[in-house]
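The report below describes selected features of one protein model. Please examine the sequence and the structure before reading on.

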Amino acid sequence: MHDTQGQKESRDKYSLRGKVFESIREDILSGRYEQNTELKEAAIGAELGVSRTPVREALRQLELEGLVTIIPNRGAYVNMITAKDVQDIYVIRSMLEGLCARWATESITKEQLDNLEETLCLTEHHTEKQNYEKLYELDSLFHEQLYEAGGSRILRHILSDFHDYVKMVRKATISAENRSVKSTQEHRAIFEAVRDRDAERAESLAREHVKHTIESIQAYGLEKIL
């Protein structure tokens with residue numbers, strides 16, 4: 001699979017186009033904009049201190065991701081993640097996270113295991129402190145480290161995007177009753193399975209972890225978030 005030049009540049013967070021792309025994407029996924037909000041090139045360019053050209057290019061790339069709708073001769077409008085999108089993402093993630101955990105048991109290095117355990121220990125500490133903002137960061141880090149350990153660039157890219165798409169949902173539900181405690185316990189179980197090179201158990205636990213998250217989201221109520 002080969003990226004186009006535009007896709008490569010939009011993914012390069014250090015290029016001008018990449019920085020603009022990431023900034024607008026973050027604003028959409030964090031809920032700064034409501035559905036159908038018009039994204040005005042001049043206003044965004046002024047806010048970010050750039051010309052309209054990189055903003056226009058970023059909006060075109062965001063349209064390919066489905067986060068923006070561009071209507072000719074009218075403008076670009078926010079296309080938010082819907083409740084159906086969230087449900088679909090978690091169902092797909094339940095399968096892909098399992099695959100990633102299975103592959104991680106086969107390819108994870110000693111250094112990656114140590115980093116994963118360090119993240120887990122920090123997570124357990126902040127779970128006790130009920131520091132939910134830090135838990136959100138550590139949850140993201142744990143999964144990113146597992147994706148890297150899986151050894152597949154393609155799978156890591158897909159799962160990282162899925163994680164970003166449900167950012168608001170993850171932030172809301174991580175502080176839901178007992179979810180942070182259970183999630184941390186599930187992370188510990190996944191880590192131990194990967195450490196023990198038990199691919200079957202790691203895959204099963206990773207899938208169950210995502211399914212439990214879906215149940216937590218349903219109990220919390222998506223309408224409160226989106």
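Just after helix 2, G31 adopts a positive phi of about 90°; helices here are DSSP runs of H or I with at least four residues, numbered from the N terminus. This is a predicted model, in which local features need pLDDT of at least 70, side-chain atom pairs count only at pLDDT 80 or more, and totals for chains, interfaces and linings use all residues. Residues are numbered from 1 along each chain as its sequence is written, and side-chain values use heavy atoms, without hydrogens and water.

Helix 2 (residues 16–29) has 14 residues, which at 1.5 Å a residue should span 20 Å; the expected span is 1.5 Å times one less than the number of residues. Its end C-alpha atoms are 20 Å apart, in agreement with that value. Among the buried residues of helix 2 are F21, I24 and I28.

Buried means under 20% relative accessible area, exposed over 50%, and partly exposed in between (1.4 Å probe, protein chains only).

| Residue | Relative accessible area | Class |
|---|---|---|
| V91 | 46% | partly exposed |
| C100 | 1% | buried |
| C121 | 40% | partly exposed |
| S180 | 7% | buried |

A search of the whole structure finds zero disulfides, a disulfide being a pair of cysteine sulfur atoms within 2.5 Å.

S180 lies in helix 10 (residues 179–195). Leaving aside neighbours within four places in sequence, S180 is in contact with T127, Y132, L135 and I174, where contact means heavy atoms within 4.5 Å. V91, by its place, belongs to helix 5 (residues 83–107).

Technical notes
Helices (H or I, at least four residues) and strands (E, at least two) are DSSP runs, numbered from the N terminus.
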